[in-house]
Amino acid sequence: MVEVKNLVKNYGNVAAVKDISFTAEKGEILGFLGPNGAGKTTTMNIITGYLSATRGSVTIDGYDVLDNPMEARSRIGYLPEQPPLYQDMTVEKYLGFVYELKKVKLPREEHLNEIMDVVKIKDIRDRVIRNLSKGYKQRVGFAQALVGNPPVLILDEPTVGLDPRQIIEMRSLIRSLGKKHTVIFSSHVLSEVSAICDRIVVISNGTLAADAKTDELSSITDDRRKLSLAIDGPTSSVLSIIGEIDGVMKVRRESAEADNVCRYLVEYKKDKDVRRAVFRAMAKADYPIIDMRDAGKSLEESFLHLTGVTKVERTGKKGGKR
């Protein structure tokens, strides 16, 4: 488990991190998000022991990073955005070097073979790292983070520069590792965070902006929820029936899809789940629901709201389009 408590980091009179607290449990993949300059990298460097905090504490598997730095660091596998590779070594020799550096007690050959098998680099074990592709170098960087089987993995932009197939494979690997490890996953690709992470922590201007399960983040930034429905029935009747359901604030037809089927957007109170009531009302009226889905804010919209990014800042000019 990772516990960050009341973390503060000052650079002179500038506060880069301001009283941040959160935890990451075993078997959890925690997404760590923040715009450039938000304090995300500083926080990750403190967690990994590369920086000291001005105030506050970080514990890794029960060991304080400041009071027991060796014990804490031995429980962390860290993959920075630029993997720390020795380009003139072969893959196998490099992993052996990391094994010795970390003073791992596990059976050397069996352990390193297992890691190479997990990240799928056995077939390049004798190749010089300098000659590898970006994707394979990233895999080797991932492998060094796994040496010693640390309970905590911290991954900073692990899929940068990978092709689509490699990204899919890396996502699958991270999800499988998340079953046995605590994983803190930092990425600027929000769809990736949504696909991989169980929970998301967002920081903005050095402060904690949100800490929520991935599928609940949008509800934090909106006072109402939205439901998108495709219904086979006369528009006027559908609008009238749904509009009378307790908790519904607004309903409108968005488009005609096929034959008598139209799509509707229903806005309802945050504390009222109207899905069952809508289903029962449409069934009673004999208007089949062809499709029902949540239509809340996307992860991107929630992130922009939480971090205070305006439309002008996103487009670079006033009134520009997204």
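## Close-up views of a predicted model

View 1. Strand β13 (residues 261-269) is mostly covered, with 8 of its 9 residues buried. Buried here means under 20% relative accessible area, with exposed set at over 50% and partly exposed in between (1.4 Å probe, protein chains only). Residues are numbered from 1 along each chain as its sequence is written, and side-chain values use heavy atoms, with hydrogens and water left out. The partner of β13 is β12 (residues 248-258), joined to β13 by 8 bridges in an antiparallel run. Two strands count as paired if DSSP finds at least two bridges between them. Look for Lys250, which sits opposite Glu267 of β13. The two strands make a hairpin with 2 residues between them, and Asp259 in that turn has a positive phi of about 50°.

View 2. Contact throughout means heavy atoms within 4.5 Å. Angles run from 0 to 180 degrees between N-to-C directions, using axes fitted as lines to C-alpha atoms (for helices, over the stretch in contact).

**View 3. The six-stranded sheet.** The order in this open sheet of 6 strands is β6-β7-β8-β3-β9-β10, and the pairing is mixed. β6 and β10 (207-213) are the edge strands with a single partner each, so one side of each has no neighbour in the sheet. From one strand to the next, the twist averages 15°. Zoom in on β6 and β7: they run parallel, joined by 4 bridges, and Gly77 has Leu153 in β7 as its bridge partner. Lying across both of these strands is α5, at about 165° to β6.

**View 4. Phe185 and the nonpolar cores.** Which residues touch the most other members of the largest nonpolar core? They are Leu95, Ile121, Phe142, Ile174 and Phe185, out of 41 residues in that core. A nonpolar core is a set of buried Ala, Val, Leu, Ile, Met, Phe, Trp, Tyr and Cys residues joined through side-chain atoms within 4.5 Å. Leaving aside neighbours within four places in sequence, Phe185 has contacts that include Ile29, Phe32, Leu155, Ile174 and Ile196. A second, separate core has 25 residues, among them Leu7, Val65, Ile154 and Ile203.

**View 5. Helix α4 and its cover.** In α4 (residues 108-118), the buried residues are His111, Leu112, Asn113, Ile115 and Met116. Their cover includes α3 and α5. After the helix comes Lys120, with a positive phi near 60°.

View 6. Searching the whole structure turns up 1 cavity of 30 Å³ or more. On a 1 Å grid over the protein atoms alone, a cavity is a set of points where a 1.4 Å probe fits but cannot get out; a pocket is an open set with protein on both sides within 12 Å along at least five of seven lines; and lining residues have an atom within 4 Å of a point. Points are joined across faces, edges and corners, and volume is the space filled by probe spheres set on them. The largest cavity has a volume of about 40 Å³, and its lining includes Gly135, Arg139, Gln166 and Met170. α5 (134-146) and α6 (164-177) are the elements giving two or more residues to that lining. The largest pocket holds about 820 Å³ of space. Of its 26 lining residues, Arg73, Ser74, Ile76, Leu101 and Lys102 are the closest to its centre. α3 gives the most to this lining, with 4 residues.

Methods. Predicted model: local features only at pLDDT ≥ 70, side-chain atom pairs only at ≥ 80, totals over all residues.
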